[in-house]
Amino acid sequence: MSAHFDALETRSADERTASLRECLPALIEMARALPGYGDSLADVDPAQVTDRAALAALPVLRKSGLSGAQGAAPPFGGFTTRSVSGFDHVFQSPGPIYEPGRVVADWWRLGRFLHAAGIGAGDIVQNCFGYHLTPAGMMFESGARAVGAAVLPAGTGQTELQARAAHDVGVTAYAGTPDYLKVILDKADAMGLDLSRITRAAVSGGALFPSLRQEYADRGIACLQCYATADLGNIAYESPAMEGMIVDEGVIVEIVRPGTGDPVPEGEVGELVVTSFNADYPLIRFATGDLSAVLPGQSPCGRTNMRIKGWMGRADQTTKIKGMFVRPEQVAALVARHPEVARARVIAGRAGEMDTMTVQIETPASDPVPYAASVAELLKLNGAVELVAVGSLPNDGKVIDDQRSYD
């Protein structure tokens with residue numbers, strides 16, 4: 001098996017820059033013609049959007065906006081270039097959010113991840129992602145097809161039957177959530193079934209804890225994970241180097257300050273915003289609501305695209321304090337109002353039976369009074385203002401930290 005899925009994975013920085021210069025204007029032109037984007041891109045000249053800096057000036061599309069558009073123009077909200085009948089599948093995710101799907105050309109781009117996980121021709125993949133309503137099962141089946149592997153479409157549940165099928169069919173690889181493979185393996189052990197042919201696992205949709213990965217390794221199973229969503233397909237994936245996740249070649253990933261569309265410095269934790277080069281479903285600066293950070297440098301495996309640190313929590317930290325919702329975008333507005341402020345964090349606590357709010361502000365200033373006035377105006381609440389040294393707040397992407405105990 002070739003070390004890389006295709007030549008895109010090893011492009012130079014200059015080649016990547018040239019590709020953006022060519023592809024981005026066409027993508028923006030396509031999106032501008034879709035009713036879902038409405039007036040948000042009306043004043044944008046696609047010819048000027050040729051690099052990441054220009055892309056970062058465009059508005060962010062949030063899931064709430066997508067959901068609202070779908071409610072007004074079901075099922076896809078005017079964000080697709082095909083009619084509903086022009087797709088092979090229509091999926092429903094919790095929300096509900098509706099997503100299109102096609103069976104051609106590895107539409108969700110999972111083949112790149114499965115190839116990196118060592119899965120290819122001659123393999124039989126037990127696909128334990130769901131096939132009903134949500135697209136995960138079809139996403140991984142499409143990826144398996146792209147690398148020439150056969151699929152046992154197992155779906156979820158019925159563990160005893162799953163273990164029996166894995167043994168009888170001679171399954172060599174697993175696709176599913178990280179923990180369900182252990183359930184199948186333990187069941188097989190209890191039934192006296194040998195599943196030692198399974199030597200690779202491609203997982204997603206949950207946390208892969210180091211102890212679980214090591215347990216699989218002790219059984220001779222190399223387990224790698226990817227980060228994918230129903231809307232965007234594959235976003236980033238692990239290679240055997242297991243140093244962060246490599247961004248997929250079909251998307252642009254930005255890390256922005258939660259509540260804004262403003263990119264953060266490299267290495268700082270922020271919200272993942274993704275632009276997808278999907279000609280059927282072009283999503284421009286789609287906010288995932290997930291936190292991550294750019295991992296500097298290049299993967300030792302030879303793949304040259306940007307790396308991220310993987311999933312690091314949720315960006316939507318909206319919290320109710322004293323009966324009022326405080327949102328990340330309000331904290332972002334507080335920072336934007338005072339140019340000398342580097343970062344801010346709202347801490348929700350309790351004193352007796354009362355909610356408390358402390359706003360920590362990274363600033364070289366020493367007078368909290370101007371900040372207290374801004375807090376009251378922008379957050380609609382009064383709270384203690386604590387000035388802290390620049391760089392002293394944790395780099396964890398949190399702008400609202402709820403420290404109240406709900407036990």
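I started with the largest pocket, which has a volume of about 1,200 Å³. My ground rules: this is a predicted model, where local features need pLDDT of at least 70, side-chain atom pairs count only at pLDDT 80 or more, and totals for chains, interfaces and linings use all residues. Residues are numbered from 1 along each chain as its sequence is written, and side-chain values use heavy atoms, leaving out hydrogens and water.

A note on terms: a pocket is an open set of points on a 1 Å grid over the protein atoms alone, where a 1.4 Å probe fits, with protein on both sides within 12 Å along at least five of seven lines; lining residues have an atom within 4 Å of a point. Volume is the space filled by probe spheres set on the points, joined across faces, edges and corners.

I counted 48 lining residues for the largest pocket, with Tyr227, Thr229, Thr288, Asp290 and Arg314 nearest its centre. Elements giving two or more residues to this lining include α3 (63–72), β7 (222–229) and β12 (286–292); helices (H or I, at least four residues) and strands (E, at least two) are DSSP runs, numbered from the N terminus. Domain 1 (13–314) and domain 2 (319–402) both contribute to the lining, so the largest pocket lies between them; the bounds come from an automatic or database domain assignment.

Next I looked at the second largest pocket, with about 740 Å³ of space. Its lining has 31 residues, and Arg11, Glu249, Gly250, Val251 and Phe277 lie nearest the centre. Helix α1 gives the largest share of that lining, six residues.
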